Amino acid sequence: MTPVLYRVLSRRRHTVDVVTLRMAPLRGEAMTLRCGQFNMLTAFGVGESAISVSSGPDERDWIEHTVRDVGPVTHALCATAPGEVVGVRGPFGTDWGVEEEDGDVVVVAGGIGLAPLRGAILHLLGRSGDGRLFVLVGARSPSQFVFAEDLRAWSAAGAHVAVTVDVAEPGWAGHVGLVTSLLGTAGFDPAATSALVCGPEVMMRFVAGALLDRGMAPHRIKVSLERNMQCGLAWCGHCQLGPLLLCRDGPVVTYDGVVPPLMLERER
Amino acid sequence: MNVQDLKEVVRTHPMLAGLPEDVVELAAGCAHNVVFAEGALLFAEGDTADTLYLLRRGRVAIEVHTPAQAPLVIETVGAGDAVGWSWLIPPYRWRFDARAIEPVGAVALDGTCLRGKAEADPAFGYALLQQITAVILDRLQATRVRLLDLYEAPRGA
């Protein structure tokens with residue numbers, strides 16, 4: 001599958017190592033995406049990396065990807081300036097299924113895990129009906145939040161938004177504690193709410209466990225898993241997790257069946 | 001707040017919810033209602049530890065005072081949480097400060113009273129310890145996860 005050329009329209013910096021790139025195809029319309037999917041982004045001359053989509057599903061003129069600088073490819077992507085070109089293969093994988101959600105939804109994000117959830121949040125904010133949206137976000141410290149301005153906008157738009165940090169900085173007057181500490185006071189009924197969870201896998205295990213302890217049904221909890229995505233086409237097997245090929249059967253999976261024990265599997 | 005109201009608050013607080021009625025009755029006998037203005041200390045490091053606080057409203061910061069800088073906040077807790085464990089174990093001294101960062105309403109259970117009743121009635125003591133230990137375990141596990149610094153990125157592709 002050949003990468004399609006996309007030109008970077010803008011680069012928005014969130015933290016020292018996280019940027020969001022907005023990009024549009026050189027020809028034609030932007031690809032049709034579903035929230036939770038990912039693309040393989042090419043930094044020409046360097047390599048390719050699986051990056052989740054962070055824009056909403058209704059944009060037709062551009063797509064956005066939020067990238068963290070953790071190696072040569074992502075470093076090159078983060079350094080891509082407006083006007084420069086990257087390659088895009090995709091979209092791949094499963095989605096959050098927010099189009100079917102008409103009840104209360106709690107979104108729990110840790111760190112850059114908010115990026116793959118952003119499109120789902122935008123969709124849920126725009127739906128009609130009585131379903132409430134709860135957005136709970138954890139970050140390492142106050143200066144490490146991504147989409148900080150969006151969090152304020154989502155709160156103004158009617159979402160219940162709560163944030164917490166692992167480590168406070170001088171002047172921080174908000175919550176300090178693991179993101180699970182926000183669950184008890186958020187105000188949702190676990191028995192009547194669905195959850196979308198994304199962040200470090202250890203964090204997702206703890207959040208899922210806490211939600212189950214509070215009475216949420218396993219099939220109503222969705223997490224976003226990742227392994228070493230390379231082909232994106234379920235061919236190379238690098239992203240295999242037990243019976244799942246996460247580029248095809250994930251990244252979004254329901255926290256029931258084979259998933260909980262797979263998430264506890266020790267790699268050998 | 002009268003005695004009946006106090007008992008109802010103790011019975012329904014998440015920290016003690018689900019306990020047998022006789023345990024609730026004994027615990028409530030050690031309770032009184034308290035309020036703290038924003039900025040007030042619930043307790044200070046080094047002082048005698050003598051109270052279990054069941055928070056009903058407001059938020060409390062568990063913090064460490066540090067010379068020449070603002071206190072370092074370790075964790076914040078709020079309505080439905082409990083704060084204060086050092087009354088359980090000698091030398092009964094607070095290890096940290098606890099400060100109201102919003103106006104706080106709480107039920108304060110006297111530690112000496114609770115220990116006395118637990119020693120006189122081991123079944124009560126065991127039931128109370130089970131509840132308290134569950135909360136401490138939860139906090140310890142969360143703290144361990146925070147220590148992992150999970151939001152720091154691994155080096156990769």
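Tutor: Let's start with a ground rule: two residues are in contact if their C-beta atoms, placed from the backbone, lie within 7 Å. In chain B, 72% of the contacts with a separation of 6 or more join residues 24 or more positions apart. This is a predicted model, in which local features need pLDDT of at least 70, side-chain atom pairs count only at pLDDT 80 or more, and totals for chains, interfaces and linings use all residues. Residues are numbered from 1 along each chain as its sequence is written, with chains lettered from A and ligands numbered from 1 in the order in which they are written.

Student: OK, chain B then. How many helices and strands make up its secondary structure?

Tutor: Four helices and eight strands. Those are DSSP runs numbered from the N terminus, helices being H or I with at least four residues and strands being E with at least two. From the N terminus on, chain B runs α-α-β-β-β-β-β-β-β-β-α-α. Its C-alpha atoms fill a box of roughly 60 × 35 × 30 Å along the principal axes.

Student: What makes B:Ala28 count as buried?

Tutor: A neighbour count. A residue is buried if 20 or more other C-beta atoms lie within 10 Å of its own, exposed if 12 or fewer, and partly exposed in between, with C-beta atoms placed from the backbone. B:Ala28 has 20 C-beta neighbours inside 10 Å, so it counts as buried. B:Ala28 sits in helix α2 of chain B, residues 21-28. Leaving out residues up to four places away in sequence, B:Ala28 touches B:Leu6, B:Lys7 and B:Val10. Of the 157 residues in chain B, 34% are buried.

Student: And A:Ala191: why does it count as exposed?

Tutor: A:Ala191 has 10 C-beta neighbours inside 10 Å, so by the same test it counts as exposed. A:Ala191 is in the loop between β10 and β11 (193-198) of chain A. Not counting residues up to four places away in sequence, A:Ala191 touches A:Gly215 and A:Met216.

Student: What makes α2(B) roughly perpendicular to α4(B)?

Tutor: Their packing angle is about 90°, with axes 10 Å apart. So α2(B) is roughly perpendicular to α4(B). The contact is made by B:Val23, B:Leu26 and B:Ala27 of α2(B) and B:Phe124, B:Ala127 and B:Leu128 of α4(B). By class, that is six nonpolar, no polar and no charged residues. Here Ala, Val, Leu, Ile, Met, Phe, Trp, Tyr, Cys and Pro count as nonpolar, Asp, Glu, Lys and Arg as charged, and the others, Gly among them, as polar. The contact of α3(B) with α4(B) has four nonpolar, one polar and two charged residues.

Student: Which residues have the most contacts inside the largest nonpolar core?

Tutor: A:Val107, A:Leu136, A:Val197, A:Val207 and B:Ala27, in a core of 123 residues. A nonpolar core is a set of buried Ala, Val, Leu, Ile, Met, Phe, Trp, Tyr and Cys residues joined through C-beta atoms within 7 Å.

Student: How do you know that this core lies between domain 1 and domain 2 of chain A?

Tutor: Domain 1 (4-92) and domain 2 (98-224) of chain A both give residues to the core, so it lies between them. Those bounds come from an automatic or database domain assignment. The C-alpha centres of the two domains lie 24 Å apart. Their contact takes 13 residues from domain 1 and 14 residues from domain 2 of chain A.

Student: And where does chain A touch chain B?

Tutor: The contact takes 28 residues from chain A and 22 residues from chain B. On the chain A side, β4 (47-52), α1 (72-78), β10 (175-176) and α4 (201-213) each supply at least two residues. Helix α4(A) gives the most, with three residues. By class, the chain A side has twelve nonpolar, 13 polar and three charged residues.

Note on methods
Axes fitted to C-alpha atoms, helices over the stretch in contact; angles between N-to-C directions. Parallel < 35°, antiparallel > 145°, perpendicular 65-115°, else oblique.
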